[in-house]
Amino acid sequence: MVKKIIRKKNKPTSYQAAKSLVSVEEVVTAQIMIDRLFDQGRREIPPKRSLSALMKQDPDFMQLPKVTTRGPATFLRIA
């Protein structure tokens, strides 16, 4: 007798949802990603600081050098 395993489809995390809205070779900031999540109707939105910290650790994003010490961090999606 073969038992079927029913897999529950999980909702993507806030970071995965934000990452899916950015195309490859696009330059974005955390605020741009948050604005896109609002436009998509997402209710749970991570803060800019935590979203930026996750993007710094993600190998799919490369942080571009800042011109000034203040201002938002800009990221380039490479994969």
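Is S52 buried or exposed? S52 is buried, with a relative accessible area of 14%, where buried means under 20% relative accessible area and exposed over 50%, with partly exposed in between (1.4 Å probe, protein chains only). The legends below start from the whole chain and come back to this residue.

A word on the model first: it is predicted, so local features need pLDDT of at least 70 and side-chain atom pairs count only at pLDDT 80 or more, while totals for chains, interfaces and linings use all residues. Residues are numbered from 1 along each chain as its sequence is written, and side-chain values use heavy atoms, with hydrogens and water left out.

**View 1. The whole chain, with three helices and three strands.** Starting at the N terminus, the order of elements is α-β-α-α-β-β; helices (H or I, at least four residues) and strands (E, at least two) are DSSP runs, numbered from the N terminus. The radius of gyration is 16 Å, well over the 12 Å that the globule rule gives for 79 residues, so the protein is more spread out than a compact globule. That radius is taken over C-alpha atoms, and the rule is 2.2 Å times the number of residues to the power 0.38. Along the principal axes, the C-alpha atoms fill a box of roughly 65 × 25 × 20 Å. Of the 79 residues, 32% are buried.

**View 2. Helix α2 and its buried side.** Helix α2 spans residues 30–40, and A30, M33, I34 and L37 are buried in it. Looking down the axis of α2, these buried residues fall within an arc of 100°, so they line one face of the helix; the arc is that of the directions from the helix axis to the C-beta atoms. The face turned away from the buried side carries the exposed residues F38 and D39.

**View 3. The cover over α2.** The buried residues of α2 are covered by elements including α1 (14–20), β1 (27–29), α3 (48–57) and β2 (61–63). Just after α2, G41 takes a positive phi of about 90°.

View 4. S52 and P12 lie 40 residues apart in sequence and 18 Å apart in space, C-alpha to C-alpha.

Methods
Contact means heavy atoms within 4.5 Å.
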